[in-house]
Amino acid sequence: MTITDGPAAPAPASEVLHYTAFSSDPAGGNPTGIVLDAAGLDDAERLRIAAELGYSETAFLEAPAGEGSDGRAFTLRFFSPRVEVAFCGHATVATAVALAERQGPGEYLFTTPAGVVPVTVTERDGALRATLTSVEPYTEPAAPEDVAEALAALDWPAADLDPAFPHRIAYAGVRHLVLAAATRERLADLDYDFDRLAALMRKGNITTVQLVWRESENVFHVRDPFPVGGVVEDPATGAAAAALGAYLRENGLVGPEAVLTLHQGHDLGLPSLLEVTLRADDPRVRVTGTATRMN
């Protein structure tokens, strides 16, 4: 991405911008629509726009009402083609970069349905990078019958899972079922029963299934089916990345202080790179990535 010498022209009201997150190449990453001034759109119109775009999520931004805002605090909501989603990491990163192209790098504050999410945008080597700080995460055991149903929908034998990774629900804004493949080949072979997995996820209020394979101590490959949103798979998933960081830390699979690299989207031909930072003095998780405009 090239940063211009001056701020970009403001987008017209309700114009949809097209960005991709967690990639500096417009041909990679996870595409998202962004409406920088969504104040005049009701929920039905937002859902219609999201469905027409067909991206996993589209972000709708509003300036907060009242005095005291410095122009860097916003309300941010996310709609998939089927439903509103409480939090979406890749759309948050892309929105922060879009704002920084217009207002400059620095601190932004987004009030989302999941809670307040601060984002810091910095410039490095001519590119803007956004770091979101999640809401406080948690994990909980996944019900054995739900794990069995998920594996049946995925057509994955239980023997193909990595026994070092417990089955958990992980949350950092929305809920994810975490399942770890024992091999990269198992992760790459994904052809699941869309309706069956969607039904299970709706029952458990699960946003994505976070499928993970560990390459090395701090390097992971991940995939995220998202049938409840009407999308087969997310090419890059910041919300799931934050949840995975919390999951790994809580289960002693990484240390309390760690920087993790997540590779996603390669099996879809949309390579994405996510950086997850864990701090011993803060239960929240930080997710960093680039974003670039597609149009």
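Author: What covers the buried residues of H5 includes helix H3 (144-154), strand S11 (175-180), strand S12 (208-216) and strand S13 (219-226). Please keep in mind that this is a predicted model.

Reader: On which side or sides of H5 do its buried residues lie?

Author: Helix H5 spans residues 194-204, and its buried residues are Leu197, Ala198, Leu200, Met201 and Gly204. Around the axis they cover an arc of only 165°, so they lie on the same side of H5.

Reader: Which exposed residues does the face of H5 turned away from its buried side carry?

Author: A residue counts as exposed when its relative accessible area is over 50%. On the face of H5 turned away from the buried side, the residues in that class are Asp195, Arg202 and Lys203.

Reader: How are the rings of Phe78 and Phe87 arranged?

Author: The structure holds five aromatic pairs, and Phe78 with Phe87 is one of them. Their ring centres are 6.0 Å apart and their planes stand at 90°. Planes over 60 degrees apart count as edge-to-face, so this pair is edge-to-face.

Reader: Is Phe87 buried or exposed?

Author: The cut-off for buried is under 20% relative accessible area. Phe87 has a relative accessibility of 2%, so Phe87 is buried.

Reader: How are the rings of Tyr192 and Phe194 arranged?

Author: The ring centres of Tyr192 and Phe194 are 6.3 Å apart, with the planes at 15°. Planes under 30 degrees apart count as stacked, so the pair is stacked.

Reader: In which class of accessibility is Phe194?

Author: Tyr192 has 12% relative accessibility and therefore counts as buried. Phe194 has a relative accessible area of 21%. Buried requires under 20% and exposed over 50%, so Phe194 is partly exposed.

Reader: Which residues are the closest to the centre of the largest cavity?

Author: A search of the whole structure finds two cavities of 30 Å³ or more. The largest cavity holds about 60 Å³ of space. Of the 15 residues that line it, the closest to its centre are Glu57, Phe87, Asp234, Thr237 and Ala239.

Reader: How does the lining of the largest cavity divide by class?

Author: Helix H2 (89-103) and helix H6 (238-250) each supply at least two residues of this lining. By class, the lining of the largest cavity has six nonpolar, seven polar and two charged residues.

Reader: Which element gives the most to the lining of the second largest cavity?

Author: The second largest cavity has about 40 Å³ of space, and its lining includes His221, Val222 and Arg223. Helix H4 (184-188), S13 and strand S15 (258-264) each supply at least two lining residues. With three residues, the element that gives the most is S13.

Reader: Which residues does Thr95 touch, leaving out those up to four places away in sequence?

Author: Thr95 is found in helix H2. Its relative accessibility is 0%, so Thr95 counts as buried. Beyond four places in sequence, Thr95 touches Ile34, Ala59, Leu61, Leu76 and Phe110.

Note on methods: Residues are numbered from 1 along each chain as its sequence is written. This is a predicted model: local features need pLDDT of at least 70, side-chain atom pairs count only at pLDDT 80 or more; totals for chains, interfaces and linings use all residues. Side-chain values use heavy atoms; hydrogens and water are left out. Buried means under 20% relative accessible area, exposed over 50%, partly exposed in between (1.4 Å probe, protein chains only). Helices (H or I, at least four residues) and strands (E, at least two) are DSSP runs, numbered from the N terminus. The arc is that of the directions from the helix axis to the C-beta atoms. Contact means heavy atoms within 4.5 Å. Rings of Phe, Tyr and Trp (its six-membered ring) pair if their centres lie within 6.5 Å; planes under 30 degrees apart count as stacked, over 60 as edge-to-face and the rest as tilted. On a 1 Å grid over the protein atoms alone, a cavity is a set of points where a 1.4 Å probe fits but cannot get out, and a pocket is an open set with protein on both sides within 12 Å along at least five of seven lines; lining residues have an atom within 4 Å of a point. Grid points are joined across faces, edges and corners, and a volume is the space filled by probe spheres set on the points. Ala, Val, Leu, Ile, Met, Phe, Trp, Tyr, Cys and Pro count as nonpolar, Asp, Glu, Lys and Arg as charged, and the others, Gly among them, as polar.
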